[in-house]
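Have the viewer open and follow along.

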Amino acid sequence: SVIRRWQKSLLDAEISDAQIRDMIRFNEAIDQSISQSATSYTFEKEQQARVFDSILSSLPDLCFTFALDMRFAYVNKAMSELFLLPQDQIIGKQFIDLDPRNGIEIQHQVEHVIRAKTELRGEINHQNSSGQIQFFDYLLVPVIDQEGTVEAVVGMARNMTERKQREDRIWHAANHDALTNLPNRRLFLDRLEQQIKYAVRVGACTALLFIDLDAFKEANDRFGHETGDRLLQLVADRLRLCVRDSDPVARLGGDEFCIILVDWIDIRSIELVAGKILTALASPFSILDHSVQISASIGIALSPQDADTPEDLIKKADQAMYAAKMAGRNQFRFFTSLEAV
(Lines give C-alpha, C1' and ligand atoms only; values in the text may rest on other atoms or scores of the structure.)
Protein backbone atom coordinates (compact mmCIF):
# COMPACT_ATOMS: atom_id res chain seq x y z
CA SER A 1 0.00 0.00 0.00
CA VAL A 2 1.00 3.64 -0.24
CA ILE A 3 1.49 3.83 3.52
CA ARG A 4 3.80 0.81 3.66
CA ARG A 5 5.89 2.10 0.72
CA TRP A 6 6.21 5.47 2.39
CA GLN A 7 7.21 3.80 5.68
CA LYS A 8 9.90 1.74 3.87
CA SER A 9 11.28 4.83 2.18
CA LEU A 10 11.53 6.51 5.55
CA LEU A 11 13.53 3.56 6.92
CA ASP A 12 15.91 3.76 3.98
CA ALA A 13 16.53 7.45 4.54
CA GLU A 14 17.76 9.52 7.44
CA ILE A 15 14.61 10.55 9.42
CA SER A 16 14.42 13.71 11.44
CA ASP A 17 12.50 14.07 14.70
CA ALA A 18 9.97 16.32 12.99
CA GLN A 19 9.35 13.70 10.29
CA ILE A 20 8.86 11.03 12.96
CA ARG A 21 6.32 13.19 14.77
CA ASP A 22 4.48 13.84 11.49
CA MET A 23 4.41 10.12 10.76
CA ILE A 24 3.02 9.33 14.22
CA ARG A 25 0.31 11.98 13.88
CA PHE A 26 -0.54 10.63 10.41
CA ASN A 27 -0.84 7.07 11.67
CA GLU A 28 -2.97 8.17 14.63
CA ALA A 29 -5.24 10.09 12.28
CA ILE A 30 -5.67 7.00 10.11
CA ASP A 31 -6.40 4.82 13.14
CA GLN A 32 -8.98 7.30 14.39
CA SER A 33 -10.58 7.56 10.99
CA ILE A 34 -10.83 3.76 10.68
CA SER A 35 -12.23 3.47 14.21
CA GLN A 36 -14.81 6.16 13.55
CA SER A 37 -15.81 4.52 10.27
CA ALA A 38 -16.20 1.12 11.94
CA THR A 39 -18.21 2.64 14.80
CA SER A 40 -20.40 4.55 12.35
CA TYR A 41 -20.94 1.41 10.23
CA THR A 42 -21.87 -0.67 13.29
CA PHE A 43 -24.20 2.04 14.54
CA GLU A 44 -25.88 2.33 11.14
CA LYS A 45 -26.33 -1.43 10.96
CA GLU A 46 -27.75 -1.60 14.48
CA GLN A 47 -29.97 1.39 13.75
CA GLN A 48 -31.15 -0.25 10.53
CA ALA A 49 -31.92 -3.48 12.41
CA ARG A 50 -33.88 -1.53 15.03
CA VAL A 51 -35.82 0.30 12.33
CA PHE A 52 -36.75 -2.93 10.54
CA ASP A 53 -37.68 -4.62 13.81
CA SER A 54 -39.90 -1.64 14.72
CA ILE A 55 -41.58 -1.80 11.32
CA LEU A 56 -42.16 -5.56 11.46
CA SER A 57 -43.33 -5.47 15.06
CA SER A 58 -45.93 -2.83 14.21
CA LEU A 59 -47.49 -5.05 11.54
CA PRO A 60 -50.56 -7.15 12.39
CA ASP A 61 -49.20 -9.89 10.11
CA LEU A 62 -46.96 -12.63 11.46
CA CYS A 63 -43.33 -12.14 10.37
CA PHE A 64 -40.62 -14.69 11.06
CA THR A 65 -37.35 -16.17 9.84
CA PHE A 66 -36.25 -19.81 9.82
CA ALA A 67 -32.58 -20.75 10.00
CA LEU A 68 -31.44 -23.71 7.91
CA ASP A 69 -31.98 -26.05 10.88
CA MET A 70 -35.72 -25.16 10.78
CA ARG A 71 -35.48 -23.14 13.99
CA PHE A 72 -36.83 -19.63 14.39
CA ALA A 73 -34.15 -16.97 14.04
CA TYR A 74 -36.55 -14.04 14.28
CA VAL A 75 -40.22 -13.46 15.14
CA ASN A 76 -42.13 -10.21 15.37
CA LYS A 77 -44.55 -9.03 18.05
CA ALA A 78 -47.64 -10.48 16.31
CA MET A 79 -46.02 -13.92 16.30
CA SER A 80 -45.21 -13.58 19.99
CA GLU A 81 -48.79 -12.61 20.80
CA LEU A 82 -50.24 -15.50 18.78
CA PHE A 83 -48.34 -18.11 20.79
CA LEU A 84 -48.46 -16.15 24.09
CA LEU A 85 -44.68 -16.35 24.46
CA PRO A 86 -41.94 -13.70 24.62
CA GLN A 87 -39.98 -13.40 21.40
CA ASP A 88 -36.76 -14.68 22.99
CA GLN A 89 -38.59 -17.86 24.07
CA ILE A 90 -39.70 -18.58 20.50
CA ILE A 91 -36.34 -17.99 18.85
CA GLY A 92 -34.43 -21.25 18.71
CA LYS A 93 -37.58 -23.38 18.70
CA GLN A 94 -39.04 -25.26 15.73
CA PHE A 95 -42.59 -24.68 14.53
CA ILE A 96 -43.64 -28.12 15.75
CA ASP A 97 -42.72 -27.03 19.31
CA LEU A 98 -45.36 -24.28 19.09
CA ASP A 99 -48.00 -25.98 16.93
CA PRO A 100 -47.67 -29.79 16.93
CA ARG A 101 -50.78 -30.17 14.75
CA ASN A 102 -49.23 -28.30 11.80
CA GLY A 103 -45.52 -28.58 12.61
CA ILE A 104 -44.62 -31.48 10.31
CA GLU A 105 -46.35 -29.92 7.30
CA ILE A 106 -44.63 -26.55 7.78
CA GLN A 107 -41.24 -28.24 8.24
CA HIS A 108 -41.66 -30.12 4.96
CA GLN A 109 -42.59 -26.88 3.20
CA VAL A 110 -39.58 -25.01 4.60
CA GLU A 111 -37.36 -27.88 3.44
CA HIS A 112 -38.92 -27.61 -0.03
CA VAL A 113 -38.25 -23.85 -0.16
CA ILE A 114 -34.59 -24.43 0.78
CA ARG A 115 -34.15 -27.28 -1.68
CA ALA A 116 -36.02 -25.73 -4.63
CA LYS A 117 -34.90 -22.14 -3.92
CA THR A 118 -38.40 -20.93 -4.68
CA GLU A 119 -41.21 -19.26 -2.75
CA LEU A 120 -44.23 -21.17 -1.53
CA ARG A 121 -47.73 -20.04 -0.63
CA GLY A 122 -50.26 -21.91 1.47
CA GLU A 123 -53.11 -21.81 3.96
CA ILE A 124 -53.13 -23.13 7.48
CA ASN A 125 -55.62 -23.23 10.35
CA HIS A 126 -54.39 -22.77 13.90
CA GLN A 127 -56.22 -23.49 17.13
CA ASN A 128 -55.43 -20.81 19.69
CA SER A 129 -55.30 -21.18 23.47
CA SER A 130 -59.05 -20.58 23.82
CA GLY A 131 -59.87 -23.32 21.33
CA GLN A 132 -60.86 -20.95 18.51
CA ILE A 133 -59.80 -21.96 15.00
CA GLN A 134 -58.01 -19.20 13.09
CA PHE A 135 -57.14 -19.28 9.39
CA PHE A 136 -53.90 -17.89 7.93
CA ASP A 137 -52.56 -17.40 4.42
CA TYR A 138 -48.77 -17.58 4.43
CA LEU A 139 -45.77 -17.03 2.19
CA LEU A 140 -42.32 -18.61 2.57
CA VAL A 141 -39.40 -17.05 0.64
CA PRO A 142 -35.77 -18.23 0.45
CA VAL A 143 -32.98 -15.75 1.31
CA ILE A 144 -30.24 -16.37 -1.28
CA ASP A 145 -26.68 -14.96 -1.08
CA GLN A 146 -24.46 -13.83 -3.98
CA GLU A 147 -23.16 -17.37 -4.48
CA GLY A 148 -26.71 -18.71 -4.89
CA THR A 149 -26.81 -20.46 -1.52
CA VAL A 150 -29.91 -20.29 0.64
CA GLU A 151 -29.05 -18.59 3.93
CA ALA A 152 -32.48 -18.64 5.57
CA VAL A 153 -36.21 -18.69 4.90
CA VAL A 154 -38.35 -15.63 5.54
CA GLY A 155 -42.04 -16.05 6.22
CA MET A 156 -45.15 -13.90 6.53
CA ALA A 157 -48.68 -15.00 7.48
CA ARG A 158 -51.92 -13.02 7.44
CA ASN A 159 -54.95 -13.79 9.60
CA MET A 160 -57.81 -14.49 7.19
CA THR A 161 -60.33 -15.70 9.79
CA GLU A 162 -62.81 -12.85 9.35
CA ARG A 163 -62.63 -13.07 5.56
CA LYS A 164 -63.06 -16.85 5.72
CA GLN A 165 -66.07 -16.54 8.01
CA ARG A 166 -67.59 -13.89 5.74
CA GLU A 167 -67.09 -16.11 2.69
CA ASP A 168 -68.60 -19.06 4.56
CA ARG A 169 -71.66 -16.98 5.47
CA ILE A 170 -72.11 -15.87 1.87
CA TRP A 171 -71.73 -19.44 0.62
CA HIS A 172 -74.14 -20.76 3.24
CA ALA A 173 -76.76 -18.16 2.36
CA ALA A 174 -76.45 -18.97 -1.34
CA ASN A 175 -76.73 -22.73 -0.81
CA HIS A 176 -79.19 -23.16 2.06
CA ASP A 177 -82.87 -22.53 2.57
CA ALA A 178 -83.30 -19.48 4.76
CA LEU A 179 -86.34 -20.87 6.58
CA THR A 180 -85.27 -24.43 7.44
CA ASN A 181 -81.48 -24.08 7.06
CA LEU A 182 -81.51 -27.22 4.91
CA PRO A 183 -79.52 -27.35 1.65
CA ASN A 184 -81.49 -25.70 -1.15
CA ARG A 185 -82.08 -27.06 -4.67
CA ARG A 186 -78.75 -25.73 -5.95
CA LEU A 187 -76.63 -27.44 -3.29
CA PHE A 188 -78.78 -30.57 -3.31
CA LEU A 189 -78.32 -31.05 -7.07
CA ASP A 190 -74.57 -30.76 -6.64
CA ARG A 191 -74.52 -33.32 -3.82
CA LEU A 192 -76.80 -35.66 -5.75
CA GLU A 193 -74.53 -35.46 -8.78
CA GLN A 194 -71.46 -36.23 -6.66
CA GLN A 195 -73.25 -39.15 -5.00
CA ILE A 196 -74.34 -40.64 -8.33
CA LYS A 197 -70.78 -40.41 -9.66
CA TYR A 198 -69.41 -42.00 -6.51
CA ALA A 199 -71.98 -44.81 -6.65
CA VAL A 200 -71.07 -45.58 -10.27
CA ARG A 201 -67.37 -45.56 -9.38
CA VAL A 202 -67.67 -48.02 -6.49
CA GLY A 203 -70.57 -50.04 -7.83
CA ALA A 204 -73.05 -48.88 -5.18
CA CYS A 205 -76.66 -47.69 -5.48
CA THR A 206 -78.39 -44.48 -4.50
CA ALA A 207 -82.01 -43.97 -3.48
CA LEU A 208 -83.77 -40.62 -3.83
CA LEU A 209 -86.87 -39.89 -1.76
CA PHE A 210 -89.10 -37.08 -3.04
CA ILE A 211 -91.43 -35.91 -0.23
CA ASP A 212 -94.46 -33.70 -0.66
CA LEU A 213 -96.57 -32.71 2.36
CA ASP A 214 -100.27 -33.60 2.31
CA ALA A 215 -102.75 -30.94 3.44
CA PHE A 216 -100.02 -28.33 3.99
CA LYS A 217 -101.93 -25.65 2.04
CA GLU A 218 -105.03 -26.24 4.12
CA ALA A 219 -103.07 -25.90 7.36
CA ASN A 220 -101.32 -22.78 6.10
CA ASP A 221 -104.62 -21.15 5.06
CA ARG A 222 -106.34 -22.13 8.32
CA PHE A 223 -103.69 -21.19 10.86
CA GLY A 224 -101.76 -18.48 8.99
CA HIS A 225 -98.34 -18.11 7.34
CA GLU A 226 -96.46 -17.86 10.64
CA THR A 227 -97.77 -21.27 11.65
CA GLY A 228 -97.05 -22.56 8.14
CA ASP A 229 -93.42 -21.42 8.31
CA ARG A 230 -92.97 -22.99 11.73
CA LEU A 231 -94.53 -26.19 10.44
CA LEU A 232 -91.97 -26.41 7.63
CA GLN A 233 -89.16 -25.93 10.18
CA LEU A 234 -90.50 -28.73 12.37
CA VAL A 235 -90.89 -30.99 9.34
CA ALA A 236 -87.24 -30.38 8.50
CA ASP A 237 -86.24 -31.31 12.06
CA ARG A 238 -88.22 -34.56 11.94
CA LEU A 239 -86.79 -35.52 8.57
CA ARG A 240 -83.25 -35.09 9.87
CA LEU A 241 -84.04 -37.44 12.76
CA CYS A 242 -85.35 -40.13 10.40
CA VAL A 243 -82.07 -40.60 8.51
CA ARG A 244 -78.35 -40.82 9.17
CA ASP A 245 -76.12 -37.74 9.31
CA SER A 246 -74.55 -38.93 6.05
CA ASP A 247 -77.92 -38.86 4.21
CA PRO A 248 -78.48 -35.33 2.81
CA VAL A 249 -81.88 -33.72 3.42
CA ALA A 250 -82.96 -30.71 1.36
CA ARG A 251 -85.89 -28.41 0.82
CA LEU A 252 -86.48 -27.90 -2.89
CA GLY A 253 -89.10 -25.23 -2.36
CA GLY A 254 -92.64 -24.82 -1.01
CA ASP A 255 -93.55 -28.00 0.86
CA GLU A 256 -91.28 -30.28 -1.21
CA PHE A 257 -88.31 -32.03 0.38
CA CYS A 258 -85.76 -34.55 -0.88
CA ILE A 259 -83.52 -37.07 0.83
CA ILE A 260 -80.58 -39.02 -0.58
CA LEU A 261 -80.08 -42.43 0.98
CA VAL A 262 -76.39 -43.16 0.57
CA ASP A 263 -75.16 -46.76 0.16
CA TRP A 264 -78.52 -48.39 0.84
CA ILE A 265 -78.40 -52.15 1.38
CA ASP A 266 -81.66 -53.40 -0.16
CA ILE A 267 -85.21 -52.40 -1.02
CA ARG A 268 -86.42 -53.40 2.43
CA SER A 269 -84.07 -50.92 4.10
CA ILE A 270 -85.42 -48.11 1.91
CA GLU A 271 -88.98 -49.10 2.74
CA LEU A 272 -88.20 -48.98 6.46
CA VAL A 273 -86.82 -45.43 6.14
CA ALA A 274 -89.80 -44.28 4.07
CA GLY A 275 -92.20 -45.81 6.62
CA LYS A 276 -90.38 -44.10 9.46
CA ILE A 277 -90.76 -40.74 7.70
CA LEU A 278 -94.50 -41.27 7.13
CA THR A 279 -95.02 -42.10 10.80
CA ALA A 280 -92.98 -39.10 11.98
CA LEU A 281 -94.83 -36.60 9.78
CA ALA A 282 -98.27 -38.04 10.54
CA SER A 283 -97.87 -37.25 14.26
CA PRO A 284 -99.56 -33.93 15.22
CA PHE A 285 -97.43 -30.76 15.39
CA SER A 286 -97.99 -28.39 18.30
CA ILE A 287 -97.52 -24.83 16.99
CA LEU A 288 -98.61 -21.58 18.66
CA ASP A 289 -101.31 -23.34 20.73
CA HIS A 290 -102.55 -25.15 17.60
CA SER A 291 -102.44 -28.87 16.91
CA VAL A 292 -101.61 -29.22 13.24
CA GLN A 293 -102.18 -32.52 11.47
CA ILE A 294 -100.62 -33.34 8.10
CA SER A 295 -99.13 -36.34 6.31
CA ALA A 296 -96.77 -36.91 3.39
CA SER A 297 -96.57 -38.67 0.03
CA ILE A 298 -93.17 -40.08 -0.92
CA GLY A 299 -91.83 -41.07 -4.33
CA ILE A 300 -88.68 -43.17 -4.56
CA ALA A 301 -86.29 -43.52 -7.52
CA LEU A 302 -83.09 -45.55 -7.67
CA SER A 303 -79.80 -44.85 -9.39
CA PRO A 304 -78.44 -46.22 -11.64
CA GLN A 305 -81.50 -48.47 -12.22
CA ASP A 306 -84.00 -45.67 -12.89
CA ALA A 307 -81.76 -42.78 -13.91
CA ASP A 308 -78.10 -41.77 -13.95
CA THR A 309 -78.37 -37.98 -13.83
CA PRO A 310 -79.67 -35.76 -10.99
CA GLU A 311 -82.39 -34.17 -13.11
CA ASP A 312 -83.75 -37.48 -14.39
CA LEU A 313 -83.60 -39.09 -10.95
CA ILE A 314 -85.59 -36.23 -9.39
CA LYS A 315 -88.08 -36.39 -12.25
CA LYS A 316 -88.63 -40.12 -11.73
CA ALA A 317 -88.98 -39.71 -7.95
CA ASP A 318 -91.46 -36.86 -8.53
CA GLN A 319 -93.54 -39.09 -10.77
CA ALA A 320 -93.53 -41.82 -8.12
CA MET A 321 -94.60 -39.26 -5.50
CA TYR A 322 -97.52 -38.19 -7.71
CA ALA A 323 -98.55 -41.86 -7.93
CA ALA A 324 -98.52 -42.03 -4.11
CA LYS A 325 -100.79 -38.96 -4.00
CA MET A 326 -103.19 -40.51 -6.47
CA ALA A 327 -103.25 -43.73 -4.44
CA GLY A 328 -104.62 -41.93 -1.39
CA ARG A 329 -101.69 -40.00 0.18
CA ASN A 330 -99.73 -40.83 3.33
CA GLN A 331 -97.81 -43.59 1.55
CA PHE A 332 -94.75 -44.18 -0.63
CA ARG A 333 -94.28 -45.55 -4.12
CA PHE A 334 -91.20 -46.71 -6.05
CA PHE A 335 -90.74 -45.54 -9.60
CA THR A 336 -90.22 -49.17 -10.68
CA SER A 337 -93.57 -50.20 -9.20
CA LEU A 338 -95.11 -47.22 -10.98
CA GLU A 339 -93.83 -48.53 -14.31
CA ALA A 340 -95.28 -51.99 -13.58
CA VAL A 341 -98.81 -50.61 -13.12
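For the residue classes used below, Ala, Val, Leu, Ile, Met, Phe, Trp, Tyr, Cys and Pro count as nonpolar, Asp, Glu, Lys and Arg as charged, and the others, Gly among them, as polar. What you're looking at is a predicted model, where local features need pLDDT of at least 70 and side-chain atom pairs count only at pLDDT 80 or more, while totals for chains, interfaces and linings use all residues. Residues are numbered from 1 along each chain as its sequence is written, and side-chain values use heavy atoms, with hydrogens and water left out.

First, the overall inventory. The protein chain has 13 helices and 12 strands; these are DSSP runs numbered from the N terminus, with helices being H or I of at least four residues and strands being E of at least two. Of its 341 residues, 38% are buried, where buried means under 20% relative accessible area, exposed over 50%, and partly exposed in between (1.4 Å probe, protein chains only). Among contacts with a separation of 6 or more, 54% join residues 24 or more positions apart; a contact here means heavy atoms within 4.5 Å.

Now for the holes. A cavity is found on a 1 Å grid over the protein atoms alone, as a set of points where a 1.4 Å probe fits but cannot get out; a pocket is an open set with protein on both sides within 12 Å along at least five of seven lines, and lining residues have an atom within 4 Å of a point. Grid points are joined across faces, edges and corners, and a volume is the space filled by probe spheres set on the points. By this rule there are 2 cavities of 30 Å³ or more.

The largest cavity has a volume of about 160 Å³. Its lining has 15 residues, and Leu62, Phe64, Phe95, Ile124 and Ala157 lie nearest its centre. Strand 1 (62–66), helix 3 (77–83), strand 3 (120–127) and strand 4 (133–144) each give two or more residues to that lining. By class, the lining splits into 13 nonpolar, 1 polar and 1 charged.

The second largest cavity comes in at about 50 Å³. Around it you'll find Phe66, Met70, Gln94, Phe95, Ile96, Gly103, Ile106, Gln107 and Val110. Helix 6 gives the most to this lining, with 4 residues, and the lining as a whole has 6 nonpolar, 3 polar and no charged residues.

Leu120 has Leu140 in strand 4 as its bridge partner. Their hairpin has 5 residues between the strands, and Gly131 takes a positive phi near 90° there. Strand 4 then pairs with strand 5 (residues 150–159), again antiparallel, over 9 bridges, with Ile144 opposite Val150. That hairpin has 5 residues between its strands, and Gly148 in the turn has a positive phi of about 85°.

Next, the packing. A nonpolar core is a set of buried Ala, Val, Leu, Ile, Met, Phe, Trp, Tyr and Cys residues joined through side-chain atoms within 4.5 Å. The largest one has 37 residues, with Leu209 and Ile277 making the most contacts inside it. Elements supplying at least two residues each include strand 6 (206–214), helix 10 (225–242) and helix 11 (267–282). Leaving out residues up to four places away in sequence, Ile277 touches Leu209, Ile211, Leu239, Cys242, Ile259 and Ile298. A second, separate core of 23 residues includes Phe66, Leu98, Tyr138 and Ala157.

What about the open side? The largest pocket has a volume of about 150 Å³, and its lining includes Leu182, Arg191, Arg240, Asp245 and Val249. That lining has 5 nonpolar, no polar and 5 charged residues.

Finally, two single residues. Gln233 lies in helix 10 and is partly exposed, with a relative accessible area of 23%. Beyond its neighbours within four places in sequence, Gln233 is in contact with Leu179 and Thr180. Gly253 sits in strand 7 (residues 249–253) and is also partly exposed, at 27%. Its C-alpha atom is 7.6 Å from that of Arg185, 68 residues apart along the chain.

Definitions and conventions
Two strands pair if DSSP finds at least two bridges between them.
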